[in-house]
2 protein chains.
Amino acid sequence: MEIEDLLMIPGPVHVHGRILRAMAKQMVGHRGKKFSEIMEYCVNGMKKVFGTTNDVYLISGSGTAGLEAAISSFSGVKRITCIDNGKFGDRLGKIASRYTQTDVVRFEWGKPVLLEEVEKSLAEGSEALAFVHNETSTAMLNLAEKIVKLAKEYDCLVIMDAITSAGGDTVKMDEWGVDVAITGSQKCLGIPPGLSAVAVSDKAWDYYNEKCPFYLDLAAYRKKAKDNQTPYTPAVSLFFALEESLKIIEEEGLENRIRRHRILSRAVRTWAEEAGLELFPEPNDVSVYSNTVTAIKIPEGIKDSELRGTLLKEYGITISGGQEHLKGKIFRIGTMGNVGKREVVATLAAIEDVLSRHVNIKPALHSAFDVLREL
Amino acid sequence: MEIEDLLMIPGPVHVHGRILRAMAKQMVGHRGKKFSEIMEYCVNGMKKVFGTTNDVYLISGSGTAGLEAAISSFSGVKRITCIDNGKFGDRLGKIASRYTQTDVVRFEWGKPVLLEEVEKSLAEGSEALAFVHNETSTAMLNLAEKIVKLAKEYDCLVIMDAITSAGGDTVKMDEWGVDVAITGSQKCLGIPPGLSAVAVSDKAWDYYNEKCPFYLDLAAYRKKAKDNQTPYTPAVSLFFALEESLKIIEEEGLENRIRRHRILSRAVRTWAEEAGLELFPEPNDVSVYSNTVTAIKIPEGIKDSELRGTLLKEYGITISGGQEHLKGKIFRIGTMGNVGKREVVATLAAIEDVLSRHVNIKPALHSAFDVLREL
């Protein structure tokens with residue numbers, strides 16, 4: 001029998017059947033009333049997810065497209081500071097440097113952000129700060145409230161990559177003072193990849209740069225948003241999916257959803273520690289364990305390919321390895337979107353089975369049950 | 001009863017049930033073997049559609065994203081000439097001017113391309129020529145063979161927007177000498193919007209400009225293409241859809257598919273003329289009637305909103321109006337993708353019904369039947 005896939009990576013995630021069925025709906029005209037109504041519903045739903053009353057623009061493209069739309073459209077700043085403590089922080093710097101003077105404040109991947117280092121860069125004359133809220137490459141959550149507070153002391157425009165936090169962890173754009181926030185469809189929103197959302201404050205437009213890419217020019221999105229349309233043909237099926245996802249979020253309640261994500265990831269961490277495995281991140285008071293993904297060091301005695309290969313072959317479960325120089329050193333388990341206890345216990349049990357063939361680990365599933373009972 | 005939509009616009013098009021069901025498949029890992037196999041199949045299929053042995057890159061974004069990827073990645077030219085005889089020709093110029101010196105050769109929308117005007121611009125030192133193969137805003141096909149031949153006399157890099165021709169009309173990239181060709185998913189390929197394809201010759205890389213947008217940088221796509229992967233998370237569901245579409249194309253045969261598109265659009269034109277309506281385009285020996293969309297002048301006695309509104313309300317059929325200054329002056333019928341006789345006769349009959357309430361037109365469906373019998 002061909003096993004159906006179960007994706008437990010930090011995106012793209014396993015997609016709920018209701019959302020898959022929504023994707024199979026026949027096209028509607030993208031300039032007609034039906035589409036505009038869907039778009040209006042999606043925009044309003046995304047405002048709640050971002051915790052904002054700002055405009056939200058929906059871009060047909062991956063999260064990276066959304067990031068570049070945000071950074072390039074508001075690159076009319078003299079200098080931008082980008083925080084890099086992982087692969088996606090690194091990406092912010094790579095994008096920003098195509099458009100304006102960029103200073104990247106680097107921390108070793110897995111190490112926490114040190115605010116004093118960020119402050120040094122801001123003090124050298126930055127007008128903007130960009131950072132990743134939840135860094136999936138290392139499974140760390142960079143606490144936005146503290147970072148934004150510092151940026152505001154320097155009157156900086158704040159751009160936050162919320163690609164793997166929005167919809168799965170607390171995002172309070174307006175309360176925190178974030179000017180631009182970005183997310184992607186295939187993470188905590190639980191829909192297939194191909195759609196990104198960018199929330200934009202009024203202040204951001206003071207730094208609008210018309211030399212941004214044509215396709216990613218948020219001024220064009222703003223103009224069409226008034227009629228609940230997009231400037232270029234939208235990925236209609238993914239809008240159907242987002243509509244269904246937002247209905248699911250409304251039914252569960254955003255707060256309950258965030259609580260579920262926290263409990264699922266805590267169950268994974270608790271299991272790992274009980275089993276004698278070592279978590280990869282080294283948190284401090286600014287960077288903490290992620291609530292949507294967990295990174296664990298691969299123990300001595302088993303290779304990455306043995307672990308992940310057997311898991312996929314025997315159980316049909318895909319988890320992630322490490323990226324770049326972390327390849328072969330860590331594995332990562334996503335707990336994002338519309339997954340629950342069943343998917344998490346299946347994943348942990350399967351990993352325990354495969355690891356125990358090569359490594360002396362302690363059976364630890366009961367420690368996960370204890371946490372999951374809180375759900 | 002809520003009527004199901006039938007889109008007869010020049011994209012997004014009505015989607016075949018097989019393709020809709022493919023969209024509803026569960027996610028697979030975008031870095032795994034299953035996805036790579038799908039991508040390989042899609043790339044090989046798209047090479048046939050483009051008539052090329054060149055590389056083909058698949059970008060998650062609308063056709064405009066594909067266009068900008070092509071133009072910006074190869075904007076290392078001193079000067080580019082863009083032919084504009086419609087909205088999408090105009091767009092080429094708007095994109096190109098963000099990246100390099102651009103000369104737009106303008107013809108009134110609906111008027112044909114005059115090669116002597118193009119030649120004047122090329123002679124002023126252009127190193128590249130960009131043009132739209134099939135211009136949907138005016139329903140004209142600009143004959144690529146003649147335009148490319150001229151461009152080659154000036155040793156120009158040739159970029160062709162084949163968004164609404166590839167898969168529905170003859171595209172022979174290699175035979176004609178086109179260097180870069182672009183298409184979109186929601187047109188003749190018959191899948192939902194959100195995916196574009198760019199075919200690239202070796203010569204194009206001589207003009208690579210690393211200052212293109214990060215998300216649209218074709219060098220990043222080229223690097224990952226070797227492993228049948230994409231640099232950023234691909235819109236996996238749309239790859240499922242493209243795979244199914246290419247299977248349908250293989251079953252029908254590309255030549256038969258093109259023949260079907262030609263007959264369907266000829267049936268629409270024949271009906272229109274028999275009914276006493278006036279076609280909008282004014283063809284010559286370079287710009288001819290499109291084989292994938294037909295533009296017809298709105299006759300005196302009925303308003304655009306009455307025609308298209310009633311069609312949608314009573315029949316659930318969406319056709320297009322005119323764009324920009326052609327709004328209210330023309331209506332357009334797409335005959336793209338996986339539609340056949342049934343959809344075309346339903347559309348023409350419905351239009352005849354609505355028009356005949358306001359305008360004295362001759363019943364003309366029999367003239368369409370005559371053409372459609374060739375299928």
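**View 1. Chain B superposes on chain A by a rotation of 180° with 0.0 Å of shift along its axis.** The RMSD of this superposition is 0.0 Å. The two chains are therefore related by a two-fold axis. The model shown here and in the other views is predicted. In chain B, the residue that comes closest to the rotation axis is B:Gly61, whose C-alpha lies at 2.4 Å. Of the interface residues of chain B, 100% are also interface residues in chain A, so the copies meet through the same surface.

**View 2. Helices α3 and α4 of chain B pack at an angle of about 45°.** Helix α3(B) spans residues 63–73 and helix α4(B) residues 87–96, and their axes are 10 Å apart. The crossing of α3(B) past α4(B) is right-handed. On α3(B) the contact is made by B:Leu67, B:Glu68 and B:Ile71, and on α4(B) by B:Leu92, B:Ile95 and B:Ala96. Five nonpolar residues and one charged residue make up this contact, with no polar residues.

**View 3. Three strands of chain A form an open antiparallel sheet in the order β6-β7-β11.** The edge strands, β6 (134–135) and β11 (287–289) of chain A, each pair on one side only. Strand β7(A), residues 140–142, runs antiparallel to β6(A) and is joined to β6(A) by two bridges. Within this pairing, A:Glu135 stands opposite A:Met140 of β7(A).

Terms used
Residues are numbered from 1 along each chain as its sequence is written. Chains are lettered from A and ligands numbered from 1 in the order in which they are written. This is a predicted model: local features need pLDDT of at least 70, side-chain atom pairs count only at pLDDT 80 or more; totals for chains, interfaces and linings use all residues. Two strands pair if DSSP finds at least two bridges between them. Helices (H or I, at least four residues) and strands (E, at least two) are DSSP runs, numbered from the N terminus. Copies are superposed by least squares on the C-alpha atoms of residues with pLDDT of at least 70 in both. Two residues are in contact if their C-beta atoms, placed from the backbone, lie within 7 Å. Axes are lines fitted to C-alpha atoms, for helices over the stretch in contact, and angles run from 0 to 180 degrees between N-to-C directions. A crossing is left-handed if the near helix is turned anticlockwise from the far one by less than a right angle, and right-handed if clockwise. Ala, Val, Leu, Ile, Met, Phe, Trp, Tyr, Cys and Pro count as nonpolar, Asp, Glu, Lys and Arg as charged, and the others, Gly among them, as polar.
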